[in-house]
Amino acid sequence: MSSNQAKIKEKVRAAVFYEKGKPLQLEEFEMPSAIEPAAALCRITMSTICGSDLHTISGRRIEAAPLILGHEIVGEIVALGNALKTDGFGKPLKVGDHISWSIMASCGKCFYCTHSLPQKCSSLKKYGHTCINDGQPLSGGYAEYIYILPGTAIFKIPAGMPDEIATPANCALSTVINAMETIGFEKGDNVLIQGAGLLGLNLIALAKQAGAKTIIVTDISEQRLNLASRFGADLCLDLSKLSEEQTCQKIKEAAGGYGVDVVFEVCGVKAAIKQAMEVLRIGGRYLLTMVTPTTLEMDINKITRKYLTIKGIHNYNPHHLGAALTFLNDNANKYPYAEIVGQSFPLSEIEQALQIAMSGKHIRVAITP
Ligand SMILES: [Zn+2]
Ligand SMILES: [Zn+2]
């Protein structure tokens with residue numbers, strides 16, 4: 001191990017996922033004995049449970065197991081490779097720094113890495129998605145320590161920012177900053193956000209700060225819509241209480257009659273696509289984040305005759321994480337970000353934490369190893 005290190009333990013406790021329906025197993029791993037020059041070892045101070053982790057646990061998403069889940073993670077550097085001198089902001093890095101990092105590590109050399117899409121690197125490694133038998137086992141957030149691989153974008157967390165605010169930023173907020181940039185959000189846009197989960201809530205704050213004219217949010221949960229309203233949505237529509245026709249009519253009315261300029265799909269529901277085609281104005285733009293396999297039969301004339309632009313995103317570029325942390329540093333106090341993490345549990349109570357997370361009671365549940 002490099003000389004740049006703090007005093008650390010020899011064994012690492014982690015919760016390991018084996019298969020759906022089985023409780024996670026608390027197991028011990030060897031602390032890595034050496035650190036590559038561009039890698040770091042981090043003591044995890046908080047992980048938050050993302051919806052995609054719950055999909056793996058419930059069997060909706062298939063991953064190579066056994067693995068340590070969790071990709072929304074922050075922590076403190078305990079050992080630092082000699083080649084890691086600065087973070088993504090260009091600030092010097094040292095042992096003891098409190099950091100956030102991208103959900104993935106990229107090679108920096110392949111076709112996609114050299115074409116501004118490191119998030120689609122041909123040898124991409126994602127935290128919380130890698131089998132423990134496949135290289136470095138300490139690659140997930142439900143553990144005391146994590147090995148940060150070469151090719152990961154590391155950012156120092158702005159001074160004074162609580163873990164509850166910083167932890168989920170490397171997933172939801174970074175993704176929707178990518179969404180805003182990809183679709184070319186403009187001041188004065190009328191926007192429909194399909195889904196009031198963490199992606200949707202972050203989009204409200206981003207759209208608001210970017211000068212959106214009207215922000216409309218749809219969801220089927222009254223609780224989520226209430227929070228959306230407190231984040232600053234102008235109109236919240238409960239799809240469980242309205243017909244499709246009523247919904248479309250209300251959206252168009254709120255957007256001044258022509259339809260909305262921009263729609264963001266952040267709900268993963270197929271029916272949302274048809275609704276977007278209906279409520280987008282001529283010349284409107286649609287941004288999809290859906291990752292579950294979805295087949296669609298639709299009239300392509302809806303796209304051609306309406307001059308629609310449809311774009312998709314998956315993962316994000318490392319610079320979006322830097323932008324996410326800066327955004328929170330400047331704006332988190334203007335929005336109810338402090339309510340995102342509803343409850344925290346120690347690693348030993350991971351099962352309880354997962355049950356609460358499954359209940360949907362909170363936007364996020366945290367683990368503080
Ligand atoms: Zn996530
Ligand atoms: Zn690559």
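The model is predicted: local features need pLDDT of at least 70, side-chain atom pairs count only at pLDDT 80 or more, and totals for chains, interfaces and linings use all residues. Residues are numbered from 1 along each chain as its sequence is written, while chains are lettered from A and ligands numbered from 1 in the order in which they are written.

**Domains**

- The chain divides into domain 1 (11-157 + 336-367) and domain 2 (173-312), with bounds that come from an automatic or database domain assignment.
- The domain centres, taken over C-alpha atoms, are separated by 30 Å.
- Domain 1 puts 6 residues into the contact and domain 2 puts in 5 residues, where contact requires C-beta atoms, placed from the backbone, within 7 Å.
- On the side of domain 1 that touches domain 2 there are 3 nonpolar, 1 polar and 2 charged residues. Nonpolar here covers Ala, Val, Leu, Ile, Met, Phe, Trp, Tyr, Cys and Pro, charged covers Asp, Glu, Lys and Arg, and polar covers the others, Gly among them.

**Nonpolar core**

- The largest nonpolar core has 115 residues, of which Ala40, Cys42, Ile204, Val217, Ala228 and Val260 touch the most other members. Such a core is a set of buried Ala, Val, Leu, Ile, Met, Phe, Trp, Tyr and Cys residues joined through C-beta atoms within 7 Å; buried means 20 or more other C-beta atoms within 10 Å, exposed 12 or fewer, and partly exposed in between.
- Helix H4 (residues 198-209) gives the most to this core, 8 residues.
- Both domain 1 and domain 2 give residues to this core, so it lies between them.
- Leaving out residues up to four places away in sequence, Val217 touches Ile193, Ala196, Gly200, Ile204, Leu225, Ala228, Ala233 and Cys236.

**Sheet**

- An open sheet of 6 strands runs in the order S11-S10-S9-S12-S13-S14 with parallel pairing; pairing needs at least two DSSP bridges, and helices (H or I, at least four residues) and strands (E, at least two) are DSSP runs numbered from the N terminus.
- Strands S11 (235-238) and S14 (309-312) are the edges, each pairing on one side only.
- Strands S9 (residues 190-194) and S10 (residues 214-219) run parallel and are joined by 5 bridges.
- Ile193 stands opposite Val217 in S10.

**Serine 52**

- Ser52 lies in helix H1 (residues 51-58).
- Ser52 is partly exposed, with 18 other C-beta atoms within 10 Å.
- The C-alpha atoms of Ser52 and Tyr112 are separated by 24 Å, with the two residues 60 apart along the chain.

How values were computed. Two residues are in contact if their C-beta atoms, placed from the backbone, lie within 7 Å.
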